[in-house]
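Subject: Model handover

Hello,

Here is the structure for you to look at. My notes follow below it.

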Amino acid sequence: MARGSTLPSLRIGVAGERVGRTDSYLGVSAGISIPLWGGSGTVKTAKAQKTATELRTRTIQTDIRVNQLELVRRAEQIRESLSHYESLRHIEEGIRLLSRSFELQQISVLEYFTQLAFYSQTRQEYLELELKLHQALAELTKYRL
């Protein structure tokens with residue numbers, strides 16, 4: 001195939017031309033094609049395509065690395081946020097003590113519900129952060145596989 005692109009090619013055929021609405025002419029056409037540069041344009045095109053493919057590959061790899069670093073940073077931020085909460089066990093213990101204080105009538109109903117709402121919101125925030133952490137870790141594990 002490469003050798004065929006360096007040889008001259010001959011073309012013979014019939015060609016027609018319409019001059020007006022009713023006038024048309026037919027004739028014989030002949031031509032010759034001589035490749036003067038031996039297909040150097042195709043070599044340059046192939047090299048350019050190879051370079052473009054390599055650049056796309058590097059770009060994709062860089063994007064993946066940046067995405068991984070962002071996921072690691074986000075996971076570290078979530079872990080830091082989780083460390084501000086003592087733990088879910090402490091929150092549950094606080095709710096139990098609050099219920100016990102209410103049963104013994106040591107606190108008012110208003111104070112009980114105010115504190116219960118605080119503990120419930122804190123527990124919800126803790127669980128949401130934990131979920132985000134697990135999602136970030138799962139995303140990181142996807143790249144490892």
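Is Gly13 buried or exposed, or something in between? Gly13 is partly exposed, at 23% relative accessible area (buried is under 20%, exposed over 50%, partly exposed in between; 1.4 Å probe, protein chains only).

First, the ground rules. This is a predicted model: local features need pLDDT of at least 70, side-chain atom pairs count only at pLDDT 80 or more, and totals for chains, interfaces and linings use all residues. Residues are numbered from 1 along each chain as its sequence is written, and side-chain values use heavy atoms, leaving out hydrogens and water.

The overall picture: the chain has 3 helices and 2 strands (DSSP runs, H or I of at least four residues for helices, E of at least two for strands, numbered from the N terminus). Their order along the sequence is β-β-α-α-α. Of its 145 residues, 12% count as buried.

Back to Gly13. Gly13 sits in strand β1. Leaving aside residues up to four places away in sequence, Gly13 touches Gly27, Val28 and Ser29 (contact: heavy atoms within 4.5 Å). Gly13 and Ser29 are 16 residues apart along the chain, with 5.1 Å between their C-alpha atoms.

Now the surface. The chain exposes about 12200 Å², and carbon and sulfur atoms supply 56% of that (Shrake-Rupley method, 1.4 Å probe; for residues, only the protein chains shown count as cover).

Ile34 is exposed, at 53% relative accessible area. Ile34 lies in the loop between β2 and α1 (40-84).

Best regards
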